[in-house]
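Take a look at the model below.

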2 protein chains.
Amino acid sequence: MNFNKVSGGVCAPKGFVAGGIHCGIRKNQSKKDLAIIFSEKECTAAAVYTQNKVFGAPIAVTRENIAGGKAHALICNSGNANTCNADGIEKASLMCKLTAKALGIEATDIIIASTGVIGQPIDMDPIEKGIAALAPLLSADGSSDAAEAIMTTDTKKKECAVTFRLGSCMITLGAIAKGSGMISPNMATMLSFITTDAAITAEMLKAALQEVVDDTYNMLSVDGDTSTNDMVSIMANGLAGNAPIASKDEGFEAFVTALRMLSTELTRMMAADGEGATKLLQCAVTGAPSKDAAKMVAKSVINSSLVKTAMFGADANWGRILCAIGYADAEFEIDCVDVFLSSRAGQIQVCKDGFGLDFSESVAKKILLESEILIDILMNQGEAKATAWGCDLTYDYVKINGDYRT
Amino acid sequence: MNFNKVSGGVCAPKGFVAGGIHCGIRKNQSKKDLAIIFSEKECTAAAVYTQNKVFGAPIAVTRENIAGGKAHALICNSGNANTCNADGIEKASLMCKLTAKALGIEATDIIIASTGVIGQPIDMDPIEKGIAALAPLLSADGSSDAAEAIMTTDTKKKECAVTFRLGSCMITLGAIAKGSGMISPNMATMLSFITTDAAITAEMLKAALQEVVDDTYNMLSVDGDTSTNDMVSIMANGLAGNAPIASKDEGFEAFVTALRMLSTELTRMMAADGEGATKLLQCAVTGAPSKDAAKMVAKSVINSSLVKTAMFGADANWGRILCAIGYADAEFEIDCVDVFLSSRAGQIQVCKDGFGLDFSESVAKKILLESEILIDILMNQGEAKATAWGCDLTYDYVKINGDYRT
């Protein structure tokens with residue numbers, strides 16, 4: 001089966017329109033801060049949320065709204081997380097009502113998300129005006145504006161779309177996403193909004209999302225901080241005309257494959273654009289004794305401040321990789337582990353059976369000066385594998401976060 | 001009972017001599033790299049070690065040497081961790097033999113530690129010459145040189161000593177320690193070598209050490225990376241002449257109090273001198289539903305890169321503190337939590353019952369510009385408490401670790 005990337009983001013699937021504008025939540029007028037995605041037909045819907053005990057009001061409202069597996073539109077603002085505010089739920093609900101009114105749908109049919117500073121009361125005035133202004137602007141070309149409007153410290157828009165053929169129907173999945181700090185591998189991370197024109201039941205949509213999230217978004221770490229507002233949502237409007245996917249059959253498997261491809265791509269984009277990042281890091285663990293061990297080891301390495309700073313400095317300080325493997329909270333043997341470092345400039349093995357190997361520092365330097373670094377860990381004690389993505393830790397991460405609010 | 005700080009470090013207790021020299025493991029000739037501590041009388045001894053599955057050869061050798069609860073001397077080098085080297089155990093054992101010969105004791109009576117780069121074969125030539133040169137130089141004034149010789153990226157020597165009276169005897173405890181990166185709160189951390197002239201059984205020494213380590217060294221975090229070579233050791237030579245402490249009586253409690261005071265002081269020193277640090281952070285959690293919850297919450301906040309960078313920027317971004325509380329892996333309620341920020345410049349409450357409070361940004365800035373910041377978290381749901389220590393995350397952390405090996 002062929003899976004092809006296409007342009008158009010969340011509007012690539014049939015029947016979706018989107019848009020994004022600056023409404024005034026952010027002071028910088030050149031920065032869009034309000035996005036809407038709308039399906040002409042009501043969708044089956046599913047979402048996964050942050051596991052943080054502190055969660056944004058929009059998370060609570062969305063969880064309630066899509067409990068029945070249906071949604072019709074999505075609204076998201078940047079510049080304010082609407083979290084830890086006493087009036088948060090009330091205001092998130094009001095945002096849904098205003099959006100519903102502007103789009104002619106039910107307020108309970110809306111997925112809502114907010115991202116930005118925690119604990120500052122959100123001003124409804126620009127949002128009210130913004131929703132009224134944005135609703136008539138939604139179009140099939142609007143994915144890019146929506147992707148821009150949900151950015152916080154991201155430096156690049158993140159969009160992707162994938163198509164595949166199921167029987168006689170072309171099915172398309174599209175998505176936008178945002179990083180780029182307060183991202184931890186332990187849980188559902190960041191914001192990613194996925195659309196599809198596949199016909200698929202809410203139950204199967206939820207199963208597909210959970211399966212893919214565990215291997216993609218949940219394997220991403222920028223800084224080990226799990227945000228209060230993380231959410232990945234998916235809306236399926238059925239306009240592709242396929243026989244509805246209602247069980248874990250061949251169609252479901254194809255859908256999961258496309259969703260995994262889309263989500264992996266967005267995860268890589270978020271890792272590469274992590275706060276202050278100069279390099280994308282990918283840690284692939286194979287030969288692990290269990291899936292859990294593979295994941296814990298990959299995350300432990302990707303999350304290590306010392307590995308991340310060494311990669312920033314293009315320093316093949318592999319002892320830090322071994323150290324991070326060693327404190328991963330899982331059951332495994334350390335004395336049969338091999339480690340390789342590679343990039344498009346080449347590959348070197350730095351560690352065999354848990355001990356260091358001689359290698360050329362100049363070759364290592366050349367490999368690590370590239371912008372995408374692969375850390376391959378062969379555990380040689382089983383069949384399980386996992387991959388995690390992250391980025392280096394740089395001066396700019398400190399700069400960005402040393403005074404984020406001003 | 002009075003507990004008083006005194007000078008002299010590990011040589012403050014009766015019968016201990018120490019010293020430190022540059023032997024040539026490090027290229028920089030002005031940097032000492034070899035330390036020895038020696039007791040004129042054989043000691044009862046105990047130690048706690050890193051929980052990392054990757055651990056240095058010296059850890060393995062020490063564990064075996066003091067399994068019987070006895071030690072006579074300690075040797076430590078900086079500049080090379082002797083970890084992940086195929087010949088590590090052999091060389092660590094040889095270091096013990098050479099030290100034993102120079103001091104006229106048994107090789108199995110030696111505590112050995114190494115700190116520095118992981119995975120580079122350790123050169124025995126400078127060490128062999130260094131031990132022979134250092135042994136005759138050991139003196140009661142040598143604690144400071146020993147403290148200097150175990151430093152890696154530390155910028156300050158870390159020494160402390162405490163005395164108290166038990167019956168008619170003055171008992172003294174002394175210690176040296178080193179940070180300052182690859183320090184995580186989950187386990188035994190860094191190197192700290194404690195001496196005392198108390199008479200105390202090996203069993204009680206071990207019990208006292210474990211009790212104190214859990215509340216002090218194990219509550220320290222610089223970067224969340226658990227080192228491969230962490231160790232805290234204690235040697236007690238009995239020369240104070242007290243009736244041996246052999247049970248958990250009043251004498252034991254006094255000893256634990258002194259040990260806690262000493263260890264808290266060293267923990268604070270290590271936090272303040274964390275790699276690149278400009279500020280000491282202390283997070284005190286009270287009113288927690290369990291000791292475990294108190295510890296997890298305190299560590300979660302102290303370990304958050306986003307809290308650490310905000311403190312570097314003197315930015316009262318308390319939402320990040322709430323976020324880090326929220327993802328702490330423990331059972332508790334979030335909606336009754338209060339948060340205060342303070343320093344010697346004053347105190348402000350930033351959060352009540354999980355929601356933000358209005359506060360003066362200029363007052364907050366003034367408080368956070370100080371070099372020691374207290375984050376007080378009142379959980380209002382129980383009696384348990386815990387304190388964790390750490391530091392801010394700065395440009396210099398990235399600089400130090402971006403190219404540590406060269």
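Which residues are buried in helix α11 (residues 395-402) of chain A? They are Y397(A), V398(A) and N401(A). Buried means that 20 or more other C-beta atoms, placed from the backbone, lie within 10 Å of the residue's own. Helices are DSSP runs of H or I with at least four residues, strands are runs of E with at least two, and both are numbered from the N terminus.

This is a predicted model, where local features need pLDDT of at least 70, side-chain atom pairs count only at pLDDT 80 or more, and totals for chains, interfaces and linings use all residues. Residues are numbered from 1 along each chain as its sequence is written, while chains are lettered from A and ligands numbered from 1 in the order in which they are written.

Look down the axis of α11(A). An α-helix has 3.6 residues a turn, so residues three or four places apart point the same way.

What do these buried residues pack against? Their partners are α8 (305-312) and α11 (395-402) of chain B.

Now take the whole meeting of the chains. Here 48 residues of chain A are in contact with 49 residues of chain B. Contact means C-beta atoms, placed from the backbone, within 7 Å. On the chain A side, α8 (305-312), α9 (319-326), β14 (355-356) and α11 each supply at least two residues. Helix α9(A) gives the most, with six residues.

Notes:
Buried ≥ 20, exposed ≤ 12 C-beta atoms within 10 Å, placed from the backbone. Contact = placed C-beta atoms within 7 Å.
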